[in-house]
Amino acid sequence: MARPITIGGAQLGPIQKSEDRQSVVARMIALLEKAHARGCTLAVFPELALTTFFPRWYAEDIGEMDIYFEKEMPSAATQPLFDRARALGIGFYLGYAELATDARGETRRYNTAILVDRTGAIVGKYRKVHLPGHTDYNAALTRQHLEKRYFEPGDLGFPVWRSMDGVMGMCICNDRRWPETWRVMGMQGVELVMLGYNTPTGNQHGGLEPPHQRMFHNHLSIQAGAYQNATWAVAVAKAGVEDGHELMGGSCIVSPQGEIVALASSQDDELIAAECDLDLCTFGKSTIFNFAAHRRPEHYGIITGQTGATPPAEG
Ligand code: CDT
């Protein structure tokens, strides 16, 4: 039996510091209209989709960056996106910076994504676990990447949700490079992993990793994660030259066989779409990646027992 769902990857071009949320939301709604015209019932937007990628800027006082965070969702600025999506019958993944207050009344900052269903209800929330970059200003780098300064690691794990006729999971940008991200969702039977990203075209450590390799690693990570867990994946960039810094495009939709079935060709606002039959996950999940039949967890303890690698002693 087929379970097709037509999904849109709603890539955004650059968002300059000077662009306000109302303008960005208008661009996102235009992409939703295109998605609807192509028969999509689910759309994926990038990581930190509402503003410029502010972690490239250093602020001594991290509170100065709170202007880029959302205190509630939907917010006044994003309500039109929720309203239009519901009217069109499209669910969506949205990445944003979340300013939360914990049970003790303390402020928490997360790099967050939510999944909204076709009725406009928020089905689930994910907070980015693998935060790349560094905490303090580093003059040796060609560019700062201060996610570790402005966010704390997510505290929600990698949950999946049964929604919109499938088992849905989310992660964010750097998470895609970590097989653990995919496998934890794979172990919950995930059928579609949605993720947004903001990935600089150049390596901040210098020229050792040219742009073509960075794009290769982007796709390699997503294709491997999808194949090894027999899941669809939709990965969506914020791309182009943002405040003088270039972010790669390459948004893609990947099948459970690990093949790219739709690929963005620009570094601008662009909709890619594909009909994704969620039942195609069954083949991999019941054969080569039949976890119950083939996994050997008694040999995997080192993965959760430590962070750094421990090579054998020399000599
Ligand atoms: N946003 C994000 O996670 N970007 C990272 C690049 C980090 S370079 C220090 C990524 O993995 O694409």
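Is Ile7 buried or exposed? Ile7 is buried, because 28 other C-beta atoms lie within 10 Å; the cut-offs are 20 or more for buried, 12 or fewer for exposed and partly exposed in between, with C-beta atoms placed from the backbone. This is a predicted model, in which local features need pLDDT of at least 70 and side-chain atom pairs count only at pLDDT 80 or more, while totals for chains, interfaces and linings use all residues. Residues are numbered from 1 along each chain as its sequence is written.

**Surroundings of Ile7**
- Ile7 belongs to strand β1 (residues 4-11); strands are DSSP runs of E with at least two residues, and helices are runs of H or I with at least four, numbered from the N terminus.
- Beyond neighbours within four places in sequence, Ile7 contacts Cys40, Leu42, Val44, Val234, Ile253, Ala273, Ala274 and Cys276 (contact: C-beta atoms, placed from the backbone, within 7 Å).

**Six-stranded sheet**
- An open sheet with mixed pairing has the strand order β7-β8-β9-β10-β13-β14 (pairing requires at least two DSSP bridges).
- Its edge strands, β7 (160-163) and β14 (260-263), each pair on one side only.
- Strands β7 and β8 (residues 166-172) run antiparallel and are joined by four bridges, and Arg162 stands opposite Val167 in β8.

**Helices α1 and α2**
- The axes of α1 (residues 21-37) and α2 (residues 79-88) come within 10 Å and cross at roughly 10°; axes are lines fitted to C-alpha atoms over the stretch in contact, with angles from 0 to 180 degrees between N-to-C directions.
- The contact involves Val25, Met28, Ile29, Leu32 and His36 of α1 and Pro80, Leu81, Arg84, Ala85 and Leu88 of α2.

Notes
Contact = placed C-beta atoms within 7 Å.
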